[in-house]
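Please look at the sequence and the model together while reading. The paragraphs below go through the structure one part at a time.

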Amino acid sequence: ERSTPRESVLPGSPAISPLGTKGSIGADEAAQVMRTKAFLLRLGYDVGRLDQRITAKFRAAIFQFQKANKLPPSGMLDDATLKNLESRFR
């Protein structure tokens, strides 16, 4: 499983690589990644490890969730996707 350092999953974020390395994400973005992975995992999506890394599996899970919920399937964690996910766990 590889991280995806070229593009960010979070809008407006710099390229993301594993935390603690050059190009790492901030604490708020890391918490959002972890929370999103937990939401997707609870819904039955394979996100890989439950950690703060942006991986191909995580991006694929976002893409699959978007397709299943009639959202534009980009694999990116945009506002519409995040709101849809969060609304399921209120």
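Start with Lys57, which is partly exposed, because its relative accessible area is 38%. The structure in view is a predicted model. The side chain of Lys57 meets that of Asp46 in a salt bridge, with 3.5 Å from N to O. This pair links distant parts of the chain: Asp46 sits in the loop between H1 and H2, Lys57 sits in helix H2, and the two are 11 residues apart.

Now step back to the whole chain. It contains three helices and zero strands, and reading along the sequence gives the pattern α-α-α. Helix H1 covers residues 27-42, helix H2 covers residues 56-68, and helix H3 covers 79-87. The chain has 90 residues, and buried residues make up 38% of them. Its accessible surface comes to about 5,400 Å², and 51% of that surface belongs to carbon and sulfur atoms. Among contacts with a separation of 6 or more, 38% are between residues 24 or more positions apart.

The salt bridges come next. How many salt bridges does the structure hold? It holds three, and one of them is the pair of Asp46 and Lys57 described above. Another is formed by Glu86 and Arg35, whose closest N and O atoms are 4.0 Å apart. Glu86 belongs to helix H3 and Arg35 to helix H1, so this pair also links distant parts of the chain, 51 residues apart. Glu86 is partly exposed, with a relative accessible area of 23%, and Arg35 is partly exposed as well, with 36%. Arg35 has a further partner: its side chain makes a polar contact of 2.5 Å with the side chain of Gln32. Gln32 is found in helix H1, and it counts as buried because its relative accessibility is 11%, under the 20% cut-off.

The salt bridge between Asp51 and Lys37 has its closest N and O atoms 2.6 Å apart. Asp51 lies in the loop between H1 and H2 while Lys37 lies in helix H1, so the pair ties together parts that are 14 residues apart in sequence. The two side chains are also joined by a polar contact of 2.6 Å.

Is Lys37 buried or exposed? Lys37 counts as buried, because its relative accessibility is 0%. Asp51 is buried too, with a relative accessible area of 19%, which is under the cut-off of 20%. Leaving out residues up to four places away in sequence, Lys37 touches Val47, Arg49, Leu50, Asp51, Arg53 and Phe58.

Next, consider the nonpolar residues. In soluble globular proteins, nonpolar side chains tend to be buried together. Which residues touch the most other members of the largest nonpolar core? They are Leu40, Phe58 and Phe65, in a core of 16 residues. The elements that give two or more residues to this core are H1, H2 and helix H3.

Two of these residues can be followed further. Leu40 is in contact with Tyr45, Val47, Phe58, Ala61, Ile62, Phe65 and Leu85, leaving aside its neighbours within four places in sequence. Phe65 lies in helix H2 and is buried, because its relative accessible area is 0%. With residues up to four places away in sequence not counted, Phe65 touches Leu40, Leu43, Tyr45, Leu71, Thr81, Asn84, Leu85 and Arg88.

Met34, Leu41 and Leu50 make a nonpolar surface patch of about 240 Å². Leu41 is found in helix H1 and is partly exposed, because its relative accessible area is 42%. Leu50, another member of the patch, is among the residues that Lys37 touches.

Definitions and conventions
Residues are numbered from 1 along each chain as its sequence is written. This is a predicted model: local features need pLDDT of at least 70, side-chain atom pairs count only at pLDDT 80 or more; totals for chains, interfaces and linings use all residues. Side-chain values use heavy atoms; hydrogens and water are left out. Helices (H or I, at least four residues) and strands (E, at least two) are DSSP runs, numbered from the N terminus. Buried means under 20% relative accessible area, exposed over 50%, partly exposed in between (1.4 Å probe, protein chains only). Contact means heavy atoms within 4.5 Å. Patches are made of residues with over 30% relative accessible area and no salt bridge: like charges are joined within 9 Å, nonpolar side chains (Val, Leu, Ile, Met, Phe, Trp, Tyr) within 5 Å. Accessible areas come from the Shrake-Rupley method with a 1.4 Å probe; for residues, only the protein chains shown count as cover. A polar contact is a pair of N or O atoms within 3.5 Å; within protein, one must be able to donate a hydrogen and the other to accept it, and residues adjacent in sequence count only if both atoms are side-chain atoms. A nonpolar core is a set of buried Ala, Val, Leu, Ile, Met, Phe, Trp, Tyr and Cys residues joined through side-chain atoms within 4.5 Å.
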